Amino acid sequence: MRFDIHKFDTVTSTMDLAIEAAETGAAEGYVVTAESQTHGRGRRGRVWTSPPGAGVYLSLVLRPPVAVMNGRLLALLTLAAGVAVRDALRQVTGIEARLKWPNDVLMGPRKVAGILAEGINIGTPDQTVVLGIGVNVADGAHLESAGVQGTALERESARRIDGDLVRDEVLGAVASAYERLSRGEADDILRAWRAAATGVVGAKVEWDGPEGAVQGTTNGIDDHGALLVRTADNLHRVTGGELRWL
Ligand code: BTN
């Protein structure tokens with residue numbers, strides 16, 4: 001993939017700029033990065049605090065063909081991006097991060113990076129995914145997310161980390177994971193994700209079903225990237241929404 005990187009000082013959200021560019025014809029590989037975001041966002045409308053110089057904030061435009069990953073595109077891309085970010089952070093810091101379904105990258109128990117995949121015209125020949133990635137590099141970065149404590153690369157590695165290097169490693173690793181998915185190697189990505197996951201088997205979780213809160217125990221992910229949760233009488237597929245880890 002050829003990257004076309006557009007760097008900004010301050011933006012509302014790199015997602016806004018990348019989505020606008022995608023809607024006006026930007027090609028696959030178009031990237032928006034910023035030093036800071038005034039309205040950085042996470043999953044489910046949460047705030048992603050993005051002060052200057054404390055994190056890598058990027059959004060990448062992807063234009064996957066419709067025939068590939070049909071019906072599981074956003075889920076697989078989110079998992080693939082998690083695998084890629086983990087690989088990139090290992091390259092830069094030597095630390096093995098863990099992945100927490102669906103999109104958290106953790107060092108120890110703390111979140112160091114997050115992934116947000118937003119789709120445009122999914123299922124049509126114009127389908128586009130804007131993949132947003134935020135990595136906490138230095139203190140002051142996004143350190144609190146819906147009850148999950150955060151951390152930053154400099155804190156974990158106890159040395160200075162070059163944000164540009166993190167950005168380049170992340171982009172390279174995402175491109176290679178995406179190319180594997182596009183070649184039909186989803187099984188490899190799923191295998192890598194499962195091997196790096198934490199809490200994906202045997203953890204107690206709760207979510208809001210149509211008839212109120214349901215509690216169960218995680219039982220892996222299926223090949224569509226859904227989390228499987230066993231309750232007293234059933235095996236549920238959880239595909240999104242709010243999952244609480246107990
Ligand atoms: C999450 O963990 O909930 C996802 C966080 C995604 C944050 C990144 S930072 C770059 C891009 N721009 C945004 O506004 N969000 C994503």
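User: How many residues of domain 1 are in contact with domain 2?
Analyst: In domain 1, 13 residues are in contact with 14 residues of domain 2, where contact means heavy atoms within 4.5 Å. This is a predicted model, in which local features need pLDDT of at least 70 and side-chain atom pairs count only at pLDDT 80 or more, while totals for chains, interfaces and linings use all residues. Residues are numbered from 1 along each chain as its sequence is written, and side-chain values use heavy atoms, with hydrogens and water left out.
User: Where do the two domains lie in the chain?
Analyst: Domain 1 covers 4-196 and domain 2 covers 201-245; such bounds come from an automatic or database domain assignment. Taken over C-alpha atoms, their centres are 24 Å apart.
User: What area is buried between domain 1 and domain 2?
Analyst: About 1100 Å² is buried there, and carbon and sulfur atoms give 57% of this area. Buried area is the accessible area (1.4 Å probe) that two parts lose on being put together, summed over both. On the side of domain 1, Arg44, Trp101 and Arg194 lose the most area to domain 2, together 50% of what that side buries.
User: Which side chains meet in a salt bridge?
Analyst: Those of Asp223 and Arg194 do, at 3.2 Å from N to O. A salt bridge is a side-chain nitrogen of Lys or Arg within 4 Å of a carboxyl oxygen of Asp or Glu. Between domain 1 and domain 2 the count is one salt bridge.
User: Which helices supply the side of domain 1 that touches domain 2?
Analyst: Helix H2 (73-93) and helix H5 (186-196) each supply at least two residues of that side. Helices (H or I, at least four residues) and strands (E, at least two) are DSSP runs, numbered from the N terminus.
User: Now the ligand. Which residues are closest?
Analyst: Of the 19 residues that surround the ligand, the closest are Ser13, Gln37, Arg41, Arg43 and Lys111; a residue counts as near if one of its heavy atoms lies within 4 Å. A polar side-chain atom of Gln37 lies 2.9 Å from a ligand nitrogen atom. A polar backbone atom of Arg43 is 2.7 Å from an oxygen atom of the ligand, and a side-chain N or O atom of Lys111 is 2.6 Å from a ligand oxygen atom.
User: Back to Trp101: is its peptide bond to Pro102 cis or trans?
Analyst: The bond is cis, with omega near -5 degrees. Pro102 lies in the loop between strand S4 (98-100) and strand S5 (104-107).
User: And what is the phi of Arg44?
Analyst: Arg44 has a positive phi of about 55 degrees, although it is not a glycine. Arg44 is in the loop between strand S2 (30-37) and strand S3 (55-62).

Notes: A polar contact is a pair of N or O atoms within 3.5 Å; within protein, one must be able to donate a hydrogen and the other to accept it, and residues adjacent in sequence count only if both atoms are side-chain atoms.
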